[in-house]
There are 2 protein chains.
Amino acid sequence: MNGLNPELMRGSLDLMVLSVLSDGSKYGYLIQQRLREASDELVDLKAGTLYPILHKLEKAKLVRSRWDETTGRKRKWYELTAAGKKQLGHRVAEWQRYVACLKQILGPLADAAPA
Amino acid sequence: MNGLNPELMRGSLDLMVLSVLSDGSKYGYLIQQRLREASDELVDLKAGTLYPILHKLEKAKLVRSRWDETTGRKRKWYELTAAGKKQLGHRVAEWQRYVACLKQILGPLADAAPA
DNA sequence: CGCAATAGATTGCCAGTCGATATATAGATT
DNA sequence: AATCTATATATCGACTGGCAATCTATTGCG
């Protein structure tokens, strides 16, 4: 996690992964890349972070996976379950409540934004 | 931390505390209350969370403290140092970059917001 | 007098991130 | 043929941080 304070990211990593999966199945490495692209290199999930998250989501039945060995390269494809899609909706709404909450706490500070 | 996913909050607790201190010195218990008010009860920092944060900020010279024993109740007042004010500016800017980043990752999901 | 609220602080548990490491294949370079 | 880089998945251990529980102590109310 390069570009931003890692502490800040912590709580939303699941959300990011679910979000990346919302427009179709992907395998781990691809999720990593997509996230890097979509965030302008700000989010660079390490393997040691990503795979535990995927396993956790799978255990919670929010995603399901299957191996693809038809191509030379072994890949494990992950896709959102119905519950996962529903959960994603909740998480997005929660995220927005969080942002609104912080905005209220920051008050006038939220306006001016010096580097 | 009642109203919202605690995991989500994790990274921004320091920022919240710094922010609450930006409009004047406060003692711990007061910070707790102000934060609860300012967030419409969504953020309720427990003592076991707040005091370690304050001590950490003090160690980092972002806040300074002094005891007030002139009133019956012993209170430890915390105030932002110059470095703390500067740091607050950085943290706010960083927060905004984070929010923008997430918005980009969420893409179309960020628009519709079902509960 | 007892109880709730105020006020500060510490300890120990648990969960989560990430660097390091392991394994293995594909394609490019030497 | 050998080496290197990128691809691809996975686990382990160290470290950090939040929070419930706990402790001490005071103020004010019924």
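**Sheet, helix packing and DNA contacts in the predicted model**

In chain B, 3 strands form an open antiparallel sheet in the order S1-S3-S2. Strand S1 (26-27) and strand S2 (63-68) of chain B stand at the edges, each with a single partner strand, so one side of each is left without a neighbour in the sheet. The structure described here is a predicted model. The pairing between S1(B) and strand S3 (residues 75-80) of chain B is antiparallel and runs over 2 bridges, and B:Tyr27 has B:Trp77 of S3(B) as its bridge partner. Helix H2 (residues 13-21) of chain B packs on this sheet and touches S1, S2 and S3 of chain B, its direction making about 95° with that of S3(B). H4(B) also packs on the sheet, where it touches S2 and S3 of chain B, and its direction makes about 115° with that of S2(B).

By residue class, the contact of H2(A) with H3(A) comprises 5 nonpolar residues, no polar residues and 1 charged residue.

H2(A) packs with H4(A) at an angle of about 75°, with the axes 10 Å apart, and these two helices are therefore likewise roughly perpendicular to each other. Here A:Leu13, A:Asp14, A:Val17 and A:Leu18 of H2(A) make the contact with A:Thr49, A:Leu50, A:Ile53, A:Leu54, A:Lys56 and A:Leu57 of H4(A). The residues of the contact between H2(A) and H4(A) divide into 7 nonpolar, 1 polar and 2 charged.

Across the two chains, H2(A) packs with helix H5 (residues 82-106) of chain B at an angle of about 30°, their axes lying 9 Å apart, which makes H2(A) roughly parallel to H5(B). In this contact A:Leu15, A:Met16 and A:Ser19 of H2(A) meet B:Tyr98, B:Leu102, B:Ile105 and B:Leu106 of H5(B). The contact of H2(A) with H5(B) consists of 6 nonpolar residues and 1 polar residue, with no charged residues.

Sugar or phosphate contributes 73% of the atoms of DNA strand D within 4 Å of the protein, the rest belonging to bases. Phosphate oxygens of DNA strand D lie 2.4 Å from a polar side-chain atom of A:Tyr29, 2.9 Å from an N or O atom in the side chain of A:Tyr51, and 3.2 Å from a polar backbone atom of A:Gly28. The elements that each supply at least two residues of the surface near DNA strand D are helix H3 (28-38), helix H4 (47-59) and strand S3 (75-80) of chain A, together with helix H4 (47-59) of chain B. H4(A) gives the most to this surface, with 5 residues, and the residues of the surface near DNA strand D divide into 10 nonpolar, 7 polar and 8 charged.

DNA strand C is surrounded by 25 residues, the closest being A:Gly48, A:Arg73, B:Tyr29, B:Arg75 and B:Lys76. Of the atoms of DNA strand C that come within 4 Å of the protein, 74% are accounted for by sugar and phosphate. Phosphate oxygens of DNA strand C are 2.4 Å from an N or O atom in the side chain of B:Tyr29, 3.1 Å from an N or O atom in the side chain of B:Tyr51, and 3.2 Å from a polar side-chain atom of B:Tyr78. Two or more residues of the surface near DNA strand C are given by H4 of chain A and by helix H3 (28-38), H4 and S3 of chain B. H4(B) provides the largest share of this surface, 5 residues, and the residues of the surface near DNA strand C comprise 10 nonpolar, 7 polar and 8 charged.

Technical notes
Residues numbered from 1 in each chain as written. Chains lettered and ligands numbered in written order. Predicted model: local features only at pLDDT ≥ 70, side-chain atom pairs only at ≥ 80, totals over all residues. Heavy atoms only, no water. Near = heavy atom within 4 Å. Polar contact = N/O pair within 3.5 Å; in protein donor to acceptor, adjacent residues only side chain to side chain. Helix = DSSP H or I, 4+ residues; strand = E, 2+ residues; numbered from the N terminus. Nonpolar A, V, L, I, M, F, W, Y, C, P; charged D, E, K, R; others polar. Pairing = 2+ DSSP bridges. Contact = heavy atoms within 4.5 Å. Axes fitted to C-alpha atoms, helices over the stretch in contact; angles between N-to-C directions. Parallel < 35°, antiparallel > 145°, perpendicular 65-115°, else oblique.
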